[in-house]
Amino acid sequence: MRILEDLPQIKCDCGATLEYGSSDIWNDGMMLYVTCPRCNRNIAIEEMDSVTINNISFPESFHDFSQGKKISDERTTIWVKECLKKLENGCEDFGTYQFMSSGDTFVIVCKFEDEYEITVGKKNYTTYIDRYKEEQ
Ligand SMILES: [Zn+2]
């Protein structure tokens with residue numbers, strides 16, 4: 001038996017009505033999405049909050065990904081290796097670090113003069129600040 005929760009709902013273009021919780025939500029840094037289990041379409045559910053350098057505060061300005069999709073240890077290890085490989089190959093997309101994140105996990109590898117600092121975060125809080133948006 002299952003207690004019916006009062007979860008938000010959204011209708012997909014394929015006709016399915018989806019009920020979603022925080023563990024179903026993912027983001028690309030700009031928008032929050034859910035993925036339809038019937039047709040695999042990504043549906044934008046909301047724009048990310050307008051957090052600024054001046055109004056940011058923890059935890060209010062952050063999205064809590066503790067209930068995000070659980071990323072396996074195997075997948076996490078692959079991400080660590082991918083980040084290391086990019087830095088070893090001189091890829092500096094983000095400067096002298098690489099990161100990957102999804103669901104409840106993030107990996108960040110910082111390149112220092114004689115070592116790599118590798119941090120894995122599980123159940124993290126993340127937020128984004130638009131660097132080019134005018135202060136309201
Ligand atoms: Zn659908």
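These legends describe close-up views of a predicted model.

Numbering starts at 1 in each chain and follows the sequence as written. Because the model is predicted, local features need pLDDT of at least 70 and side-chain atom pairs count only at pLDDT 80 or more, while totals for chains, interfaces and linings use all residues.

**View 1. The open sheet has three strands, in the order β7-β8-β9.** Strands (E, at least two residues) and helices (H or I, at least four) are DSSP runs, numbered from the N terminus. The pairing in this sheet is antiparallel. Strands count as paired if DSSP finds at least two bridges between them. β7 (97-102) and β9 are the edge strands, each pairing on one side only. Direction ignored, neighbouring strands are turned by 5° against each other on average. Such axes are lines fitted to C-alpha atoms, for helices over the stretch in contact; angles run from 0 to 180 degrees between N-to-C directions. Six bridges link β7 and β8. F99 stands opposite I108 in β8.

**View 2. β8 and β9 form a hairpin.** Four residues lie between the two strands. Seven bridges join β8 to β9 (residues 116-122), and the two run antiparallel. C110 stands opposite E117 in β9. Strands of a sheet pair through backbone hydrogen bonds, either parallel or antiparallel.

**View 3. Helix α1 packs on the sheet.** The helix touches β7, β8 and β9. Its direction makes about 25° with that of β8. α1 has 16 residues and reaches 22 Å from its first C-alpha to its last. That is close to the 22 Å expected at 1.5 Å a residue, where the expected span is 1.5 Å times one less than the number of residues. Just after α1, G90 takes a positive phi of about 85°.

**View 4. The largest nonpolar core has five residues.** They are W79, C83, F106, V107 and V109. A nonpolar core is a set of buried Ala, Val, Leu, Ile, Met, Phe, Trp, Tyr and Cys residues joined through C-beta atoms within 7 Å. Buried means 20 or more other C-beta atoms within 10 Å of a residue's own; exposed means 12 or fewer; partly exposed is in between; C-beta atoms are placed from the backbone. α1 and β8 (105-111) each supply at least two residues of this core. β8 gives the most, with three. Not counting residues up to four places away in sequence, F106 touches F99, S101, G121 and N124. Contact here means C-beta atoms, placed from the backbone, within 7 Å.

**View 5. L87 sits in helix α1 (residues 73-88).** L87 counts as partly exposed because it has 19 C-beta neighbours inside 10 Å. Leaving out residues up to four places away in sequence, L87 touches Q98, V109, K111 and Y116. L87 and Y116 are 29 residues apart in sequence, yet 9.2 Å apart in space, C-alpha to C-alpha.

View 6. Most residues other than glycine have a negative phi, and most peptide bonds are trans. N40 lies in the loop between β4 (31-35) and β5. With 9 C-beta neighbours inside 10 Å, N40 counts as exposed. P59 is in the loop between β5 (42-47) and β6 (63-64). K123 lies in the loop between β9 and β10 (125-126). K123 is partly exposed, with 13 other C-beta atoms within 10 Å.

Key: Two residues are in contact if their C-beta atoms, placed from the backbone, lie within 7 Å.
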